[in-house]
Amino acid sequence: AAGQVGAPRTRRPGEGSELLDVREFRPGDRIKRIDWRVSARRGVLHVRHTAIDADADLVICLDTRYDLTPDVMSWHDRSSGAGQGGSLGVAIGAAITLAASYLRLGDRVGLVDLAVPYRGVQPGTGVRQLMRIRWHLAGIVPDAQLRRRKFDEGSVPRGAAVVVLSPYIDDRIDPLVGTLARSHRDVLAIDVLPDTLTMPTDRAELAAARLVLAERADRLAALARRGVLVTKWDPGFIGQLMRRRQRLRRSA
């Protein structure tokens with residue numbers, strides 16, 4: 001393992017801490033695996049059969065194209081949310097929280113910027129990795145160009161859990177998330193658009209805003225139909241949810 005052993009477990013037999021079952025002793029079994037209580041009760045030697053401990057890989061994908069405020073009328077300026085509770089600020093805060101939580105448990109965490117391919121952090125472990133991620137996030141500004149037309153499969157390790165942080169306001173994000181979903185990875189789409197929006201008062205502008213939001217709702221529903229878990233950012237439960245899904249995926 002690249003770091004210390006993380007909390008998720010595999011279902012592969014081997015030296016680990018999670019009990020799979022207890023069975024009769026066979027030639028080649030290690031003496032230290034003998035379960036003396038069960039053996040004494042049944043009159044035949046039995047050994048504890050455990051699963052191998054394994055680190056988890058988490059890749060955080062950040063959509064840095066927009067920084068949308070609760071005021072829908074300000075969306076024409078996609079960078080208007082900086083320092084005002086915009087969607088990019090929420091995404092960056094969520095990325096730091098997730099990275100710190102996983103790294104604290106010894107897991108590997110990487111960062112991918114969906115707008116700027118060269119701006120990211122390869123998966124790694126430890127305190128220095130968190131510093132690298134925080135350093136990259138500190139320098140991020142909105143970039144409207146989605147240069148990453150096709151997701152680079154090499155930037156996501158096999159078996160990794162993937163979190164995509166985005167307001168999902170246009171359909172240019174769909175192919176990227178769809179590629180991850182088709183590759184049978186554990187994908188979580190976190191919607192970082194502000195919860196309470198201030199809608200336009202002009203009738204035409206209000207109709208346009210409602211159309212954009214309706215298309216966004218359809219987009220998120222389509223992702224859910226592909227097997228992508230879609231949720232709002234909530235630091236209270238999101239970490240537990242990701243770890244549970246990762247354990248279930250590895251035990252399948």
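Predicted model: local features only at pLDDT ≥ 70, side-chain atom pairs only at ≥ 80, totals over all residues.

Colleague: Start with the whole chain. How many helices and strands are there?

Modeller: The protein has six helices and eight strands. Along the sequence they run in the pattern β-α-β-β-α-β-β-α-β-α-β-α-β-α. Of its 252 residues, 46% count as buried.

Colleague: Where does Asp 67 lie?

Modeller: Asp 67 is in the loop between strand 3 (57-62) and helix 2 (87-104).

Colleague: Why is Asp 67 called buried?

Modeller: Its relative accessible area is 3%. Buried means under 20%. The value is under the cut-off, so Asp 67 is buried.

Colleague: Now helix 3. What span is expected for it, and what does it reach?

Modeller: Helix 3 (residues 126-138) has 13 residues. It reaches 19 Å from its first C-alpha to its last, close to the 18 Å expected at 1.5 Å a residue.

Colleague: Which residues of helix 3 are buried, and how do you know which side they are on?

Modeller: Gln 129, Ile 133 and Leu 137 are buried. They cover an arc of only 75 degrees around the axis, so they sit on the same side of helix 3. In general, an α-helix has 3.6 residues a turn, so residues three or four places apart point the same way.

Colleague: Which residues are exposed on the other side of helix 3?

Modeller: Val 127, Arg 128, Met 131, Trp 135 and Ala 138 are exposed there.

Colleague: What covers the buried residues of helix 3?

Modeller: The cover includes strand 3, helix 2, strand 4 (108-113) and strand 5 (120-124).

Colleague: At what angle do the axes of helix 2 and helix 3 cross, and what is that arrangement called?

Modeller: The two axes come within 10 Å and cross at roughly 175 degrees. Angles over 145 count as roughly antiparallel, so helix 2 is roughly antiparallel to helix 3.

Colleague: Which residues meet between these two helices?

Modeller: Among them are Ile 92, Ala 95 and Ile 96 in helix 2.

Technical notes: Residues numbered from 1 in each chain as written. Heavy atoms only, no water. Helix = DSSP H or I, 4+ residues; strand = E, 2+ residues; numbered from the N terminus. Buried < 20%, exposed > 50% of the residue type's maximum accessible area, 1.4 Å probe, protein only. Expected span 1.5 Å × (residues − 1). Arc of directions from axis to C-beta. Contact = heavy atoms within 4.5 Å. Axes fitted to C-alpha atoms, helices over the stretch in contact; angles between N-to-C directions. Parallel < 35°, antiparallel > 145°, perpendicular 65-115°, else oblique.
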